[in-house]
Amino acid sequence: MSKELLKINDLKVSFFTPAGEVKAVNGISYSLESGKVLGIVGESGSGKSVSSYSIMGLIDKPGKIVGGSIIFDGKDVSTMTKAERQNFSGNEVAMIFQDPMTCLNPVFTIGNQIVESLIHKYGKISKEEIRKRSVELLTLVGINEPEKRLHQYPHEFSGGMRQRVMIAMALAGSPKLLIADEPTTALDVTIQAQILELLKDIQKKTGMAIILITHDLGIVADMADDVIVMYGGKIVEYGSVYNIFNAPRHPYTKGLLRSLPDLSKKGEKLIPIQGNPIDLLNLPQGCAFAPRCENCMKVCINYMPEEYLTEDGHRVSCWLYDSRANNNTEVKKNDQ
């Protein structure tokens, strides 16, 4: 039986701007087992990246975690000391960002930058051990002539190779969890496939868990065990990748799937989700997706839906699954 590695409970993250409080993450809960891949999908501004930055402790002012807890391997991340946090980031949890060119220092060689990751993990380490481990890491991520590449600079690498270097640096600390934030966004389709295949291969070899943040449902279908769909800072649907794609429950999830190209329906137009993304500065009183939802009812506008567990194991936050709404029963504030 797999061990629960990460547990997020009612996490809330806000950014306090001159215009007001932006509730980027507005009370989300989920768990992740060791060795599993969790996909988090949603459009820009849904809160998917901010929720994962919270795990790494990368929320800076004016952002702040204002509620909830993050438990990693039995430890509360929020109560860690500075020294514990430094050891935690990189050694326990590592992150790959979407633009490797901005994350790699252009004035240092690839070897020098891998060395920093290795020293963070092992402390004092001999030059020979550094060279050996650096070559092993570059070989693991599929970079040819690793000894030569260690002495080259980021501008001498293609986009796909730079992303492989970022993965190598993330793996230097042998993390239990790897967070991949849009890892293929800046890459062409062929290189995207190579990077995803690399991540799957590394995950099988190391047994680490992965959180894959993306807006691309195709990537999630290929890699994830479970999927979280986020909208307006909340989780609107959460289930196995099979159920999400074959029996989606939330109108937003259905809309995302309808907007995907389907080669079996050549010539048919894609169906976009109508309306504009939610303004996190002015969240509605009820369901955040209500203004764009084709199934919107009066109750959706006035009250936030509860989370319901469906018969196929889904968690879905939608009034369509509440008998009171379906029976036109009045929902009162004390029912919330």
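Q: Which element gives the largest share of the lining of the largest pocket?
A: In this predicted model, helix 4 does, with four residues.

Q: What volume does the largest pocket have?
A: Its volume is about 550 Å³. The lining has 21 residues, and those closest to the centre of the pocket are Met95, Phe97, Ser117, Met166 and Met169.

Q: How do I read the lining of the largest pocket by class?
A: A handy way is to sort the residues into nonpolar, polar and charged. Here, the largest pocket is lined by twelve nonpolar residues, eight polar ones and one charged one.

Q: Let's move on. How much space lies in the second largest pocket?
A: The second largest pocket holds about 330 Å³. Its lining is made up of 22 residues, and nearest the centre you will find Lys234, Ile235, Met304, Pro305 and Ser317. The elements that supply two or more residues to this lining are strand 2 (20-33), strand 10 (234-240) and strand 12 (315-317).

Q: And which element gives the most to the lining of the second largest pocket?
A: That is strand 2, which gives four residues.

Terms used
Residues numbered from 1 in each chain as written. Predicted model: local features only at pLDDT ≥ 70, side-chain atom pairs only at ≥ 80, totals over all residues. Heavy atoms only, no water. 1 Å grid on protein atoms, 1.4 Å probe; cavity = no way out; pocket = protein on both sides within 12 Å on 5 of 7 lines; lining within 4 Å. Points joined across faces, edges and corners; volume = space filled by probe spheres on them.
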